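Biologist: I am new to this structure. Please show it to me, and then I will ask about it piece by piece.

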Amino acid sequence: MSETTTNGKSVSSNSQGYVFLYIFIAILILAGIIFLFKSSLFDKRTVDARILKDELYLNEDLVFTDNTKNAKKWLWEFGNGAKLATQNGNYRYAKSGSYIVRLTVDGQLREQFPVTVRDTVIALPDTVVSISGPTSGVVNEEVRLEAEGKANTFQWSFGETNRVDVKGRTALYTFHTPGKFLVKLNTDNSRRAIYHTIFITDPNADLETAIVEPGEGERKVIDDIRARLQAIANGADFNSNYYYLIRRYLCNNEKVTVAVEQDSVKKSTDFYSYCMGLTFGGEIVVDEAQLTISPNSTCASLLNIKQHSANTVKK
């Protein structure tokens, strides 16, 4: 059977051209479907990262952590050129300002956090009111602070209750827990709040023996440390448990090294950063806590911690 021709070209030749065109379009559509499918699979894996505070002062550490599932590589960028390639840690800014902290996980997943860094908290020199009084005290003993300057109303917050504790020019207050507290005073004649730092200790606790002999007493020390750390992880009062541990066992050294083993992963940090991480690191169960004492000293140089996630079965 002969083929019909148009201008010298056969009809069957045109039909073949359309077939190739349809095949090409089908390939493009299939490639798009495959790309979208892969993208949807990747989107199911999201960044699970946090920073402890998005507003801090120059004398504070920015504490950060990432719990992204199956993550193996991290890059934290702090908005000022500084970078850290760790899963968790802390960073201190040298200048106040607004920054964008960006985390890149495994070179692909990204998350960012806006951070505001303010000048270090001090008594402001441009105020007409100032605070006079002691910078240290002990629990269950009254401390007295005075407001100096012209004002009609005075409201004192001593940092232990998160509310206004005393009204008036003279403030008498009794602390019930040890720790470092930032007392705040607001008046009707000050443009901004006035601050005063006071450190409260517990002398009765200082009289107790910090390090005991091996045996049953050593087990009590291990259980005591583990219980205090578990209390922090469970959301109990941070100051009372934290300062109890550094005073009783660490000779007030917040930078004692902590070697942590969690779910077969080992890492090292300092005691302050470790405790801060407990407050927002998810549900953590502290299994063991063992001190290493410095030679010819009663002060700990290392704290070994074994712990696991609450949703992980302990082996």
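The questions below go from the whole chain to single residues.

Biologist: What kind of model is this, and how are residues numbered?
Modeller: Side-chain values use heavy atoms, with hydrogens and water left out, and residues are numbered from 1 along each chain as its sequence is written. Local features need pLDDT of at least 70, side-chain atom pairs count only at pLDDT 80 or more, totals for chains, interfaces and linings use all residues, and the model is predicted.

Biologist: How many helices and strands does the protein chain have?
Modeller: Helices (H or I, at least four residues) and strands (E, at least two) are DSSP runs, numbered from the N terminus. By that count, the protein chain has five helices and 22 strands.

Biologist: What percentage of the residues in the protein chain is buried?
Modeller: Buried means under 20% relative accessible area, exposed over 50%, partly exposed in between, with a 1.4 Å probe and protein chains only. The protein chain has 315 residues. The buried part is 33%.

Biologist: Among contacts between residues at least 6 apart in sequence, what percentage joins residues at least 24 apart?
Modeller: A contact means heavy atoms within 4.5 Å. For the protein chain, the share that joins residues at least 24 apart is 53%.

Biologist: In the open sheet that holds S4, which strands stand at the edges?
Modeller: Two strands pair if DSSP finds at least two bridges between them. This open sheet has five strands in the order S4-S10-S9-S6-S7, with mixed pairing. Each edge strand has a single partner, so one side of it is left without a neighbour in the sheet; the edges are S4 and S7 (83-84).

Biologist: Which residue is the bridge partner of Trp76 in S7?
Modeller: S6 (residues 74-77) and S7 pair in the antiparallel sense over two bridges. Glu77 stands opposite Lys83. For Trp76, the partner in S7 is Leu84.

Biologist: Which residue stands opposite Trp76 in S9?
Modeller: S6 also pairs with S9 (residues 97-105), antiparallel and over four bridges. In S9, Trp76 faces Leu103.

Biologist: Which residue in the turn between S6 and S7 has a positive phi?
Modeller: S6 and S7 form a hairpin with five residues between them. The phi is about 80 degrees, and the residue is Gly79.

Biologist: Is Leu58 buried or exposed?
Modeller: Leu58 is found in the loop between S4 (55-57) and S5 (62-66). Not counting residues up to four places away in sequence, Leu58 touches Arg92, Tyr93, Val117 and Thr120, among others. Its relative accessibility is 19%, so Leu58 counts as buried.

Biologist: How far apart in space are Leu58 and Gly97?
Modeller: In sequence they are 39 residues apart. C-alpha to C-alpha, the distance is 9.7 Å.

Biologist: Which element gives the largest share of the lining of the largest pocket?
Modeller: On a 1 Å grid over the protein atoms alone, a pocket is an open set of points where a 1.4 Å probe fits, with protein on both sides within 12 Å along at least five of seven lines; lining residues have an atom within 4 Å of a point. The largest pocket is lined by 38 residues, with Lys53, Glu60, Lys180, Leu182 and Asn239 nearest its centre. Elements that give two or more residues include S17 (179-187), S18 (194-201) and H5 (271-278). The largest share, five residues, comes from H4.

Biologist: How many residues of H4 are buried?
Modeller: H4 has eleven residues and is mostly covered. Among the buried ones are Ser240, Tyr243 and Leu245.

Biologist: Which residues touch the most other members of the largest nonpolar core?
Modeller: A nonpolar core is a set of buried Ala, Val, Leu, Ile, Met, Phe, Trp, Tyr and Cys residues joined through side-chain atoms within 4.5 Å. The largest one has 26 residues. H3 (216-233), H4 and S19 (257-262) are among the elements that each supply at least two. The residues asked for are Ile225, Leu229, Phe271, Tyr274 and Ile305.

Biologist: How many residues are in the second, separate core?
Modeller: This core includes Ala49, Tyr99, Leu103 and Val117. Its total is 21 residues.

Biologist: Which residue is the bridge partner of Thr257 in S20?
Modeller: S19 and S20 (residues 265-270) run antiparallel, joined by six bridges. They form a hairpin with two residues between them. Thr257 has as its partner Asp270.
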